[in-house]
Amino acid sequence: MPRLALTTNYAVAHAAKDSDVDVVAAYPITPSTPAAEKLAEFVANGEMDAEYIHVESEHSAASALVGASATGARAFTVTASQGLIYMSEVLYIASGLRLPMVLGVASRALSAPLSIWGDMHDIASLRDAGLMIYFVSSAQEAYDTVIQAFKVAEDPRVHLPAIVDYDGFVLSHVTEPVETIEREEVLKYIPKSITWNVLNPKKPISIGTVGDPDYYYEFKYQQQVAMENALKVAEEADREFERMFGRGYGIIEPYRMDDAEIAMIAYGAHAGTARVAVDKAREKGIKVGLVRLRLWRPFPSEQLKKLLEGISVVGVLDRAMALGGPLQGPVALDVGTLIATRMPDVRLVSFTIGIGQRDVRVEDLVRVAEMLDEISKGKEIPMKTIPIGLRE
Amino acid sequence: MSLKEVGPMQEIRNHMQIPREEYIAGGHSACQGCGHFVIVRHLLKAAGPNTIVVNPTGCLEVVTTVFPYSSWRVPWIHVAFENGGAVASGVEAAIKSLQRKGVLPKDEQINVVVFAGDGGTVDIGFQSLSGMLERGHKVVYVLLDNEAYMNTGIQRSGSTPFGAWTTTTPVGKKWKGEWRVRKDMIQIAVAHHIPYAATINPAYPVDMYNKMVKALKANGPAFLHAYSPCPTGWRFDPSKTIEVARLAVLTGYWVLYEYDHGQYKVNVPVLKRKPVKEFIKLQGRFRHMTEEQVKKLQEIIDQHVEMINKLVGKQVIGPVVE
């Protein structure tokens, strides 16, 4: 396996190349632009045999991907921020049409005020769109996950689009060692086989028809069933990947949870910061563990429930704000639902971190662990989301 | 007169040669007298079975594909309202890529045809169309122009003609129907340096058919601007669709011309034009127009005719003869 020094942007571009993607449609936007440039370079040099569509907007990027995927192509794009929410209309449709396209998203804040810096407001807005959403924590994981995402998306039990989300700048622009896999080996893992319904003159079908009140509900329910299937398929795909290439992640990753009494839940790059904070807090005698969420949609409820058994207080570290909600953390709202319906003895605390790329320091997260510890010992539980790193 | 039918993708000399095969089935729920079906039916006959249709949101989509039914005998996709050009770009790119890789047969032409309305083309889908034309995708984009948003109930679009009543350009104390001049989509398409653009009209089926064949054979994007009378929105009797369509040509309101690899040609010369009032008197949407408004509409048409005569370098559309 070649070992390269790659940013996460370049890692996802390499993954698309090594997955033998047939059609790329991409539009520049910070911080995913370098991935779009790298893909163009691959096609320009003949390293990647794909059609590269220089679309005039992200809306058209998503639309062209839908057209390509509906014709049987393996299709890929990268975007971020305003670009992702501009695509969102079409992404809901891509899911409804059950097309297995894959997107790399270098997550970034949303305007206003204008911010080109990282957080996860963009991806949070697509929570209910019917796409699988992976959060990755390194360039290597981003590379591996793009390949896994095609595996899951194209599985006949799933047939849903997938997003591989990586933190803007913190991951997208940071160079790390990445082991890539030869294309022939990747294609043994994800063989080119059109498993979904496509536009074919030999067998004409109509795609994207009107679903009146007699049928719409059933279509939506089938999407939900596909999402539920995707959970199992994603676990299988990860295990098979590990068998073949020696790297596996699971869909949810525990750290020092075995004897933990309190826990933090984090995702993306800051899960790495949280890991260090857990070690530091442990040195102070706080029995804290960490759960890293790798798959947000579908939500791994059973897996999370199992990990949280015996935990008294859980703090969720979110990088986006669901404004006006009962709590602001989008993942906290999910965890809150799991707790309310399945584990009433666990107490939830919601935190926001790294909004608009506000620095997230190890000591900030050690302080989070201390707060959770105090709450577990009887301190009054805050009913509001606690903003970490906010100026007074 | 030849009675011999020809296969798809070949030009014809008369209507007897139009193939009998149908690629759009009856039983759909379009209004009586809908111009769209005369056009789509003929164009698909010209394209034949090796064709993929991209159909942005609009009347055509909703009346043909209420699940579990479909009128389409060729593969068909609807995605959204404003992205016909982009979806077609993706379909075309996928065909190219999959043909190169041997997944699809290399020597078989698969036509990609967009059927979009005027709202989906001149307004909300304008950017997507522009991108598709500029990038040179080999797609035939057909604008089915019924001059307003008919699917949502007759709202004005950027293609609504001067003077026309719509539900959003109503006739009241201050407003007297549409007061602006519509976009010139052929000129906009040609400005993208595409090989072929033409106007078509269902009252001239042989011309319409042959232009589709030329469009499909063009080495790049082609744009067909189809005039599609709408009895429901224009307020005329559904039996008069072809009559209204023909009068549009005979008055110079709708000039049948083409741009073919740099050359303009008027395909149906009209040496003596009928006055526009002959055309508008059949339609309720123009009923409120004052003499002054009719005069203004006539001037708009005269200017357009003059522009086309200049493009072809001679007077093929003549003056108004009462």
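Figure 1. Among contacts in chain A between residues at least 6 apart in sequence, 80% join residues at least 24 apart. The model is predicted. Chain A holds twelve helices and 16 strands. Its C-alpha trace spans about 70 × 55 × 45 Å along the principal axes. A compact globule of 392 residues would have a radius of gyration near 21 Å, and chain A agrees because its own value is 21 Å. Of these 392 residues, 55% count as buried.

**Figure 2. Overall build of chain B.** Chain B has eleven helices and eight strands. Its C-alpha trace extends over about 65 × 45 × 40 Å along the principal axes. For 322 residues, the radius of gyration of a compact globule would be near 20 Å; chain B has 19 Å, which agrees. Buried residues make up 53% of the 322 in chain B. Of the contacts in chain B with a separation of 6 or more, 68% come from residues 24 or more positions apart.

Figure 3. Strand 1 (residues 51-54) of chain B pairs with strand 2 (residues 76-77) of chain B. The sense is parallel, over two bridges. B:V54 stands opposite B:I77, a residue of strand 2 of chain B.

**Figure 4. The contact between the two chains.** Chain B contributes 41 residues to the contact, and chain A contributes 39 residues. Which elements of chain B give two or more residues to the side that touches chain A? They are strand 1, strand 2, helix 3 and helix 5 (126-135) of chain B. Helix 3 of chain B gives the most to this side, with 13 residues.

**Figure 5. Helix 6 of chain A against helix 8 of chain A.** The axes of helix 6 (residues 139-153) of chain A and helix 8 (residues 216-245) of chain A come within 9 Å. They cross at roughly 130°. The two helices are therefore oblique to each other. The crossing of helix 6 of chain A with helix 8 of chain A is right-handed. Helix 6 of chain A brings A:D144, A:Q148, A:K151 and A:V152 to the contact. They meet A:A230, A:V233, A:A234, A:A237, A:D238 and A:F241 in helix 8 of chain A.

Figure 6. In strand 6 (residues 132-135) of chain A, A:M132 and A:Y134 point one way. A:I133 and A:F135 point the other way. All four of these residues are buried. Strand 6 of chain A runs parallel to strand 7 (residues 162-167) of chain A, and four bridges join them. A:M132 has A:A162 in strand 7 of chain A as its bridge partner.

**Figure 7. Helix 9 of chain B and what covers its buried residues.** The buried residues of helix 9 (residues 241-250) of chain B are B:T241, B:V244, B:A245, B:L247 and B:V249. What covers them includes helix 1 (35-47), strand 6 (222-227), helix 8 (231-234) and helix 10 (276-280) of chain B. B:G252 follows helix 9 of chain B, and B:G252 has a positive phi, near 80°.

Figure 8. B:M212 is in helix 7 (residues 205-217) of chain B. B:I200 is twelve residues from B:M212 along the chain, and their C-alpha atoms are separated by 9.1 Å.

Notes. Residues numbered from 1 in each chain as written. Chains lettered and ligands numbered in written order. Predicted model: local features only at pLDDT ≥ 70, side-chain atom pairs only at ≥ 80, totals over all residues. Rg over C-alpha atoms; globule rule 2.2 N^0.38 Å. Buried ≥ 20, exposed ≤ 12 C-beta atoms within 10 Å, placed from the backbone. Contact = placed C-beta atoms within 7 Å. Pairing = 2+ DSSP bridges. Axes fitted to C-alpha atoms, helices over the stretch in contact; angles between N-to-C directions. Parallel < 35°, antiparallel > 145°, perpendicular 65-115°, else oblique. Left-handed = near helix turned anticlockwise from the far one by under 90°.
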